[in-house]
Amino acid sequence: MVLKWLGRLLLLSFAAVILAPLLIVLFTSLKTTPQFYANPLGLPESLSFHNYQSLFDGQPMWGYFRNSIVVTLATVGLELLLAGFISYGIMRSGKRVGAAVFGLFAVGLMVPSQVNMIPIYTFVHKLGWSNSLTGLIIVSASVLLPLSVFMLSGFMKTLPKEILEAGEIDGAGEWTLLARIAFPLSAPYLAATAAFLFVIVWNDLLFPMLLLNGKDKLTLPLAMLQFRGEYITDYPVLLAGVVVTALPMIALFIFLQRYFISGALAGSLKG
Amino acid sequence: MKKYAKLLPFFVPGIALYLALFIYPTVTGFYYSLTDWDGLSPSYQFVGIDNYTNVAKDIIFRKSIVNNVKFMVAVVIVQTVVSLLLALQLSKQKKVNVALRSLYFVPTILSSVSVGFIWTFVYDPSLGLLNGLLEAVGLSSWTQNWLGDTGIAIFSIAAVQAWAHIGQMIILFVAGLQAIPEELVESAKLDGATRLQLFFRVIWPLLAPAAAIVVSYTTIQSFKAFDLVFTMTGGGPAYSTEILSTYIYNSAFMNYTFGKASTASVYFLLLISFITFLQFRALRTDRVSY
């Protein structure tokens with residue numbers, strides 16, 4: 001009985017630990033700067049969207065959103081195609097070839113981005129791809145291949161082989177089998193992988209920071225780092241930025257929770 | 001063989017990009033580590049293993065390793081214990097449990113930059129929530145300069161790292177708990193097992209594989225943390241939060257010593273491989289089945 005109440009107390013306390021910082025950020029973003037300094041921890045007296053106004057007036061926020069959306073959608077789309085193809089190839093190859101290709105990518109799982117960020121940076125500059133969203137998309141998609149091949153081929157292994165064999169007997173070529181059978185049957189897995197990758201790419205700081213520098217090319221996390229320089233003493237505006245950049249992700253999460261959670265489950269197994 | 005020819009188009013684009021933009025750079029990284037390149041000039045000298053000896057002697061590099069270990073140990077303990085305790089309360093598929101799991105998961109989907117800003121604000125010594133709350137409940141003596149004090153800054157960031165990832169680990173533990181057959185738990189209860197006995201004798205042995213995954217994932221994830229430290233302190237004050245990944249970044253892009261930074265990357269890779277290996281040995285649990 002005591003344990004049961006202790007358990008409930010724990011759940012409630014942790015809910016408070018999660019919610020309190022998020023709520024104080026939301027409240028602060030709705031205060032005017034004088035209100036904030038007069039009473040930093042109180043509830044906002046009246047809702048003021050002034051900080052949001054000055055953020056959108058002072059910054060090309062829509063441009064940052066556009067960059068983040070373009071980079072994220074293109075990277076995740078390209079990633080699903082490339083990794084989906086490879087995972088399909090692994091599934092359809094014999095044991096030895098499949099294991100060799102899988103092994104090639106598994107090696108990459110061991111190498112964190114911090115290890116190859118310097119040579120990637122210099123190589124991209126040599127190629128003349130720096131400060132280009134396309135360059136960032138191609139680099140991000142390549143760097144994420146080990147993780148996505150790991151996730152997708154793990155999923156695809158569980159597809160029933162008989163259906164593909166039946167299709168083969170009916171004379172379907174590999175592309176037809178992929179487009180008509182393997183990808184449609186993997187749809188929930190592709191969605192879970194996409195959700196997991198979406199969070200990684202949308203929130204990525206390292207590669208945008210290495211590869212982008214023009215103000216018109218920044219993605220949201222990178223833009224936020226720059227705001228800090230400009231609004232260093234102005235928490236309300238800075239935190240309005242946090243709210244604005246978090247909202248799309250939270251909205252997506254509310255609608256697509258299932259995929260976020262199954263993606264996180266599968267993605268965490270790589271350790 | 002004909003079959004592989006047909007599959008080749010599926011392999012070629014991905015493998016080509018992976019070799020060009022992942023494997024090739026990783027290998028050139030080793031090459032840079034043997035040079036004195038500054039990252040800008042067209043020419044550089046081959047210096048053999050000089051960087052390796054110099055970096056190994058660098059006090060800040062050594063300090064970063066110590067900080068990395070402090071950070072990792074703190075995150076692994078807090079993140080594993082708290083997520084396990086919470087998962088034990090949340091394993092039943094009830095509506096309120098599902099809602100709480102989602103709530104706890106929210107920080108996971110925020111960017112580290114946002115999380116870093118949120119907590120820089122919460123930790124603010126004069127305007128922040130944490131010191132404000134401590135003062136409100138009469139614990140003024142507990143207030144700290146959470147990110148400005150060289151003794152505690154690294155642990156303050158470790159707490160944030162755990163805050164942001166506990167929800168994800170709960171999902172893993174809950175999946176492990178839900179895989180435990182209900183009959184086993186019921187029959188242990190019928191035999192009069194107390195809750196603690198139930199946990200240590202029945203649940204824990206079956207949960208060990210999930211716990212091994214949580215611990216190894218958390219270890220690697222915390223060892224290679226970058227964004228959060230970079231956003232919150234950038235390695236300061238006085239290098240007290242400098243970790244290997246910020247050391248590499250700063251050596252390359254602040255001090256323009258690409259050769260030295262590449263060497264630190266190689267050390268980093270060796271360390272992370274070593275930790276993975278140790279873990280593999282230690283956590284290789286024999287799966288229990290009844």
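Which residues does Gln168(B) touch, not counting residues up to four places away in sequence? Before we answer, a word on the model: it is predicted, so local features need pLDDT of at least 70 and side-chain atom pairs count only at pLDDT 80 or more, while totals for chains, interfaces and linings use all residues. Residues are numbered from 1 along each chain as its sequence is written, chains are lettered from A in the order in which they are written, and side-chain values use heavy atoms, leaving out hydrogens and water.

Now find Gln168(B) in helix H7 (residues 153-178) of chain B; helices here are DSSP runs of H or I with at least four residues, numbered from the N terminus. Its neighbours in chain A are Phe196(A), Ala264(A) and Ser268(A), and those in chain B are Phe105(B), Thr108(B), Tyr217(B) and Gln221(B). Contact means heavy atoms within 4.5 Å. Gln168(B) counts as buried with a relative accessible area of 4%, since buried means under 20% (1.4 Å probe, protein chains only).

Let's step back to the two chains. In total, 88 residues of chain A are in contact with 81 residues of chain B. Leu11(A), Gln114(A) and Ile118(A) supply 8% of the area that chain A buries against chain B, more than any other three residues. Buried area is the accessible area (1.4 Å probe) that two parts lose on being put together, summed over both. For the whole interface this comes to about 7900 Å², with carbon and sulfur atoms giving 80%.

How values were computed:
Helices (H or I, at least four residues) and strands (E, at least two) are DSSP runs, numbered from the N terminus. Buried means under 20% relative accessible area, exposed over 50%, partly exposed in between (1.4 Å probe, protein chains only).
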